[in-house]
Amino acid sequence: MSEPPHASSWAAPPEFYLDENAGIRSVRKLLLDLGYVVHTPAELFGTRADACGAPDEVWLARIAGSGWAVLNRDVAITRRPSEFAAYRRAKVHMFYLPGEAKRDELCELVAINLADICVLTVKKSPRLWRLTRTGVKPLDR
């Protein structure tokens, strides 16, 4: 596996948002160590306590139009009409990590797919994606 791309590899590197269910500290550290800007629920809401359990519709409204790449593990957003509508209004790319994955696998999946995540994030039509060992795949809804 080649090294994941440093933020300086891009003219305008994407920024990331780690949803609370994807907020594994190791993934955040990996991205920060590579020079990327990483936003967290605590930053978005002011404190960790205020962010805890915030409805998906609320945080999606707050990041709407940001262009951030969202790393997430909650595919239920795609099955709940109000949450899916909030995702569509937010116009952000969402990249899903496996819900059952452990820390090392999460970091590996982000590292393996980071170049593709960066390329896909700048595309105009936001989509739902899942991260796999063989690449970024569209998430079937």
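## A first look at the sheet and its helices

Strand S1 (residues 16-18) and strand S2 run parallel and are joined by two bridges. Within this pair, Tyr17 stands opposite His39 of S2. Please keep in mind that this is a predicted model.

S1 and S2 belong to an open sheet of six strands, ordered S2-S1-S3-S4-S5-S6, in which the pairing is mixed. S2 (38-39) and S6 (135-138) are the edge strands, each pairing on one side only. In general, the strands of a sheet pair through backbone hydrogen bonds, either parallel or antiparallel.

| Residues of H5 | State |
|---|---|
| Glu83, Phe84, Ala86, Tyr87, Ala90 | buried |
| Pro81, Arg88, Arg89 | exposed, on the other side of H5 |

After H5 comes Lys91, with a positive phi near 55 degrees.

Another meeting place is that of helix H1 (residues 25-33) and helix H6 (residues 103-121), whose axes come within 8 Å and cross at roughly 30 degrees. The crossing of H1 with H6 is right-handed. From H1, Ser26, Val27, Leu30 and Leu31 take part, meeting Arg103, Leu106, Cys107, Val110, Ala111 and Leu114 of H6. Eight of the residues in this contact of H1 with H6 are nonpolar, one is polar and one is charged.

Notes
Residues numbered from 1 in each chain as written. Predicted model: local features only at pLDDT ≥ 70, side-chain atom pairs only at ≥ 80, totals over all residues. Heavy atoms only, no water. Axes fitted to C-alpha atoms, helices over the stretch in contact; angles between N-to-C directions. Helix = DSSP H or I, 4+ residues; strand = E, 2+ residues; numbered from the N terminus. Left-handed = near helix turned anticlockwise from the far one by under 90°. Contact = heavy atoms within 4.5 Å. Nonpolar A, V, L, I, M, F, W, Y, C, P; charged D, E, K, R; others polar. Pairing = 2+ DSSP bridges. Buried < 20%, exposed > 50% of the residue type's maximum accessible area, 1.4 Å probe, protein only.
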